[in-house]
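Here is a brief report on selected local features of one protein model.

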Amino acid sequence: MQFHHHGYVSGDPRVQPAAGIGLDRPAELPDEVDVLVVGAGPAGMIAAAQLSQFPEIHTRIVDRRDGRLAIGQADGIQARSVETFQAFGFAGRIAEEAYRITEMCFWHPDPAAPSRIVRGERPPDDPAGISEFPHLIVNQARVLDYFAEFMAHSPSRRAPDYGYELRGLERTDDGDHPVTVTLVRTAGERAGEEKVVRARYVLGADGARSRVREAMGCTMAGTSAMHAWGVMDVLAVTDFPDIRLKCAISAEHGNILLIPREGGHLFRMYVDLGEVTPEDHHAIRATTIDQIVARADAILHPYTLDVKDVAWHSVYEVGHRLTDRFDDVLPDEVGTRSPRVFIAGDACHTHSAKAGQGMNVSMQDGFNLAWKLGYVLSGRSPESLLATYSAERQVVAQALIDFDKQWSTLMAGRPGEVDPAEVAAFYVRTTEFLFGFMTQYAPSMVVAEPTHQALAAGFPVGKRFRSVPVVRVADANPLHLGHQHRADGRWRVYAFADDGAPAPGSALVRWAEWMAEGDDSPVRAHTPSGEAMDALLDVKAVLQQGHADVELTDVPALFQPRTGPFDLVDYEKVFAADPAEDAFDARGVDRGGCVVVVRPDQYVAGVFPLDATAELAAFFRQHLLVRG
């Protein structure tokens, strides 16, 4: 973490200096805003948190609850989400309080006595070691708390406006604030009072029964699996030996997915309530907690379950549904106008909870859209950038639905119908998807064609930037390169050096001179006037030598920019190979060097040769406006 560059800081360095709207943020919800986020769940909170780094943009987030969420339904945190939390500065803290999944046990009927269950396969949670980040279980409410803290500490000094429910939304296309939203207060002395807000853009992150989606005229299409599950968070005494391990339990009386929770005592059980007939008409949802507990106790035989306290429970029927679009542009309007209203999270896609995907995918929806709104509203990018949100995220949601159909079917299978070994094998086989790393965006204005992919095979274009160990030259600190990527709205440009750099005349030095001084350089073309050299593009160098063999005085000034009112030198952008795991070998980076461009949401946007300066400049001109 860098601080003191604006003067000595004696307090919490995570609290950024107030700026823009944060200097005089209205306490009351104003009549006009740039972005109105409806819904303070995972998708809405991460979007508002990212937008809080654009203090010139007035964003407000409203929610119908009268205060913070106390108990959240979602609890599974993929490694990709923890990676995202690292960018927002709280991965370490939330990991300390969470439950960490390291193995999964599969239990099935004893062949010698089918009424009893026995332990079967026990694969590691990440058998291939695809991520340095853990797979966590933690209450959704705590995730929202951390995003709320990030917003409160941001230059915008943002906070949710609780106690507002959406009543109506209309796009008028009149003036600078073409979306009119009617809200009604849900709590306090002014409950029932209406409030009209006009916005430039609206994000509906208001859940599966989204009123924003309804106002947009979107259609949720899909099917029901005709299967019901009871879910409960409980404190209990049991002789089941794996109560503190994630387990998939298949028995004569049904199935259980057991998820230990944070704190060492609480655990969640998804309890199979069986198939639901079309004539049921949701009557299964009236199943009592006592009935759910009794069913769980029967499935666990010969072990017993004595529930002492129920923190939360619910009953749901598995359904797989996806909206036809993620924004308000109708099919016959594509290419003729820009979207003004968007939806994210459960408002777009619903599925079973057992794969732990809902909150995770929802957060990536919000992250994807927020930086794009920030760039458009701050004058960095054209409005056409916003069309990439629906194009990218709808494909991801469809993949999620397809995966969940397979996983939920396997989880609901009865002994004899499904081979327990196949369930375990499917879990291992799909780890990359379960961890959130399968997403790969197609070429667009913000994803280049993979023409030069061979130069960095381990950084697939369109997929998230997979971090790699390096050593920071200035202080000899070993660290992860990707962990330096903060959710500050900037692009990252990693220049992997050619052999011999930073010697004069090397490809890296020539590239750095062009980036700093060339007329068509993205730094010179797109960085707003009066702002620091790295205000838009955070350019870093990764050298092939060991850190002790590099003299910082030989490194081009591009990688040591000046910062703050005292014109101090930033020494944290030059890295060397880690002797324990060389970055070039680990990620298949060509020894002749290359440039890896990474979007603000951590996805690789392109790989370019060091000498392909015109190609790199043309890529950035597709989505960044030339400065005035």
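Three strands make up an open sheet, ordered 3-7-4, with antiparallel pairing. Strand 3 (76–77) and strand 4 (99–101) are the edge strands, each pairing on one side only. Two strands pair if DSSP finds at least two bridges between them. Helices (H or I, at least four residues) and strands (E, at least two) are DSSP runs, numbered from the N terminus.

Strand 3 pairs with strand 7 (residues 135–137) over two bridges, in the antiparallel sense. Here Ile 77 sits opposite Leu 136 of strand 7.

## Basis of the model

This is a predicted model: local features need pLDDT of at least 70, side-chain atom pairs count only at pLDDT 80 or more, and totals for chains, interfaces and linings use all residues. Residues are numbered from 1 along each chain as its sequence is written, and side-chain values use heavy atoms, leaving out hydrogens and water.

## Lys 372

Lys 372 belongs to helix 7 (residues 358–377). Is this residue buried or exposed? Lys 372 is buried, because its relative accessible area is 0% (buried is under 20%, exposed over 50%, partly exposed in between; 1.4 Å probe, protein chains only).

Not counting residues up to four places away in sequence, Lys 372 touches Leu 385, Leu 386, Thr 388, Tyr 389, Glu 392 and Arg 599 (contact means heavy atoms within 4.5 Å).

## Glu 165

Glu 165 is in strand 9 (residues 164–171). Glu 165 is partly exposed, with a relative accessible area of 26%. Beyond four places in sequence, its contacts include Arg 64 and Arg 211.
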